Each structure stands twice: as structure tokens, then as C-alpha cells.
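I opened the notebook for a structure I had not looked at before.

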Amino acid sequence: FADADGGFLPIVVTLNAARVLDAIARLLGVDHAELSDLALAAESGAGGLTLVPYFEGERTPNLPDATASLTGMTLASSTRENLARAAVEGMLSGLGAGLDALRDLDVPLERALLIGGAAQSPAVRAIAPEVLGLPVEVPPPGEYVALGAARQAARIAALPG
């Protein structure tokens, strides 16, 4: 996103984050706390189960007509725990694709800030650094988009002329 100084704010925006966790929790018949517990009970890599979570297309990467897919299903990998882990890892991998796009533009990345509903999941918080390859911080819930817009407007309003 453009900023008030003529630069750009590096941000990764997705359509499929908390909604992925909603969908898989509903499929498993659990709430978000139980989904998190299931995901944390599975090993990294979810036993080879991979969820590409483009349930309604995606913004980053720009794939408006993409659909979700679940691969790597075997009798051993098809467990509730692995499905929950694959959902979290798949959702975070979508964010990782956005980080790769920023890296391709030589944007220095030192940490990732997770905001929104999915960031409240203990599993997302625990698994994110592994998937994203960065330290992860989760600020308190807030209206960060509105606050950022207000700060940008205040900065422009304070300019002479």
C-alpha cells in the first residue's frame, strides 16, 4: 500500500485466513480452541497432508478463481489432528507466499505481525514462525487499518501548502 511519504507499506493481505480455520473447524465439528489443540497435537508437515486453502480464490497470490485442494491423503495421514495442522500450515503458507513476493522486491523482512481473528489461535502463533521463517509478533486486537489511514491523513493534513 502507498504511504503518505510516497513510499510503500509492505503488507500481505489474504482472503483465506480465519475463514480457513472456520471451514475446517466446522468440518471437524469442533470450536476454534479444539481445532488449535488438534493442530498442535500433530507433527510438523501434518503427516504429508497438505491443504491449499483457496476456498474462495485468493488475493495474494492473485488467483481469484482458484479453489482449495487437499492432497497427501493416506490411511495414516487422514487424521483429525493432521487435517487441523494442514489447515493452519496451509493458511500460513498463503501468507508465506506473500512474504516471498516482498522478498522478491528486496523488501527487508525482520519480523511478521499477525493481526485478525486467526492470529488469536495458539496453534497459529506457535506454527507461524516455522512456516514463515521469521519471528512473529501478535499485537493486541485493534482497528489497525483505520488507525493507519488516520495517521496517513494526519500526516498529509500537517504538510504545508
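**Entry 1: Leu-92.** I looked up what Leu-92 touches in this predicted model. Setting aside residues up to four places away in sequence, I found Val-124, Ile-127, Ala-128, Val-131 and Leu-132.

**Entry 2: the core.** Next I asked which residues touch the most other members of the largest nonpolar core. Leu-92 is one of them, along with Leu-21, Leu-28, Leu-35, Val-88 and Met-91. This core has 33 residues. H3 provides the largest share, ten residues. I noted a general point beside this: in soluble globular proteins, nonpolar side chains tend to be buried together.

**Entry 3: Glu-89.** I stayed with helix H3, which covers residues 80–104 and holds Glu-89. Is Glu-89 buried or exposed? I read 12% relative accessibility, which is under the 20% limit, so Glu-89 counts as buried. I also listed its contacts, leaving out neighbours within four places in sequence. Glu-89 meets Glu-43, Ser-44, Gly-45 and Ala-46. Ile-127 and Val-131 are in contact with Glu-89 too.

**Entry 4: the surface.** I turned to a nonpolar patch on the surface. Ile-115, Tyr-144 and Leu-147 form this patch. Together they have about 270 Å² of accessible area. Tyr-144 lies in helix H5, residues 144–157. Its relative accessible area is 33%, between the 20% and 50% limits, so I logged Tyr-144 as partly exposed.

Terms used: Residues numbered from 1 in each chain as written. Predicted model: local features only at pLDDT ≥ 70, side-chain atom pairs only at ≥ 80, totals over all residues. Heavy atoms only, no water. Helix = DSSP H or I, 4+ residues; strand = E, 2+ residues; numbered from the N terminus. Buried < 20%, exposed > 50% of the residue type's maximum accessible area, 1.4 Å probe, protein only. Contact = heavy atoms within 4.5 Å. Patch = residues over 30% accessible without salt bridge, like charges linked within 9 Å, V, L, I, M, F, W, Y side chains within 5 Å. Areas by Shrake-Rupley, 256 points an atom, 1.4 Å probe, with all protein chains shown as cover. Salt bridge = Lys/Arg side-chain N within 4 Å of Asp/Glu carboxyl O. Core = buried A, V, L, I, M, F, W, Y, C linked by side-chain atoms within 4.5 Å.
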